[in-house]
Amino acid sequence: MVLSIVIISWNSLGMLKRCLHSLAGMTRSADVELIWVDNGSTDGSEEWVRSNYPSVSRHILPRNYGVAYARNRGVEASSGKYVLFLDDDTESGEDSIMPMLDFLQAHPHTGICGTALRDRQGNLQDSFKKFPGLGVKIGNVVRSWLGRKRKVSAPAHVTEVDYLIGACQMIRREVFEKVGMLDENIFYGPEDADFCLRAQEAGWRVCYLPNVSITHHWRRSTSINPLGRLGRKHLRALFYFYRKHRRWW
């Protein structure tokens with residue numbers, strides 16, 4: 001198997017339908033497997049996937065264990081030389097996925113790569129960022145309170161970056177073998193930054209490919225209700241990350 005596409009979801013059947021529909025062409029390839037891990041949904045997702053996409057490998061968890069845990073179960077079930085993490089609120093296809101695969105195959109020192117992310121109107125989103133730190137987080141919160149939105153821009157050429165957000169990450173299997181799995185102490189963000197940081201410390205490059213893109217509908221639960229259950233878990237995960245990597249500023 002060349003490529004394993006791992007998608008996780010939690011009570012997001014509407015988004016999941018569009019995501020799987022966009023990947024339908026790729027699932028017909030003998031070199032591609034699609035693995036879906038459900039975090040204890042109660043919206044009928046399991047029945048719908050079983051009926052409409054019987055070739056998709058289904059892994060149903062009894063409750064929501066978080067992003068890192070679910071993705072790790074997907075990786076464990078996969079057999080591809082490369083693993084693609086996609087959020088279930090994305091729409092993509094062969095024309096956006098194959099360039100990532102071609103890039104990794106042509107650049108053996110790159111362990112992780114990702115494409116540009118755009119909303120349905122074509123507006124560019126933040127798909128790569130600097131590693132988070134407490135000082136950075138405080139600055140972002142202050143700018144948000146002041147209503148100052150940071151302009152999103154992208155380099156003209158392939159660029160090595162700190163980390164790619166987990167909505168789209170294609171990862172060489174050797175990276176998992178060398179640095180381990182996603183950190184399951186992180187329920188919801190920043191497991192993506194943590195993994196990219198560990199990969200870089202092990203000598204792998206993390207690269208952003210600006211000339212291809214996927215559609216990302218970007219549901220940010222912590223932004224919608226930062227004091228809700230997910231928001232609190234995200235905050236605890238951030239402080240865990242700061243302590244783990246000593247990134248206070």
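The side chain of Ser41 makes a polar contact with the side chain of Asp38, at 2.6 Å. A polar atom of the Ser41 side chain also lies 2.6 Å from the backbone nitrogen of Asn11. These values come from a predicted model, and they are computed from its atoms.

Ser41 is found in the loop that runs between β2 (32–38) and α2 (45–52). Its relative accessibility is 18%, and because buried means under 20%, Ser41 counts as buried. When neighbours within four places in sequence are left aside, Ser41 is in contact with Ser9, Trp10 and Asn11.

Not counting residues up to four places away in sequence, Ser92 touches Ser22, Leu23, Leu86, Ile97 and Ile214. The C-alpha atoms of Ser92 and His21 are separated by 9.1 Å, although these two residues stand 71 residues apart along the chain.

| Residue | Relative accessibility |
|---|---|
| Ser41 | 18% |

As for the protein as a whole, it has nine helices and eleven strands, and 50% of its 249 residues count as buried. Among contacts between residues at least 6 apart in sequence, 80% join residues that are at least 24 apart. The accessible surface of the protein comes to about 12100 Å², and 51% of this surface belongs to carbon and sulfur atoms.

Technical notes:
Residues are numbered from 1 along each chain as its sequence is written. This is a predicted model: local features need pLDDT of at least 70, side-chain atom pairs count only at pLDDT 80 or more; totals for chains, interfaces and linings use all residues. Side-chain values use heavy atoms; hydrogens and water are left out. Helices (H or I, at least four residues) and strands (E, at least two) are DSSP runs, numbered from the N terminus. Buried means under 20% relative accessible area, exposed over 50%, partly exposed in between (1.4 Å probe, protein chains only). Contact means heavy atoms within 4.5 Å. Accessible areas come from the Shrake-Rupley method with a 1.4 Å probe; for residues, only the protein chains shown count as cover. A polar contact is a pair of N or O atoms within 3.5 Å; within protein, one must be able to donate a hydrogen and the other to accept it, and residues adjacent in sequence count only if both atoms are side-chain atoms.
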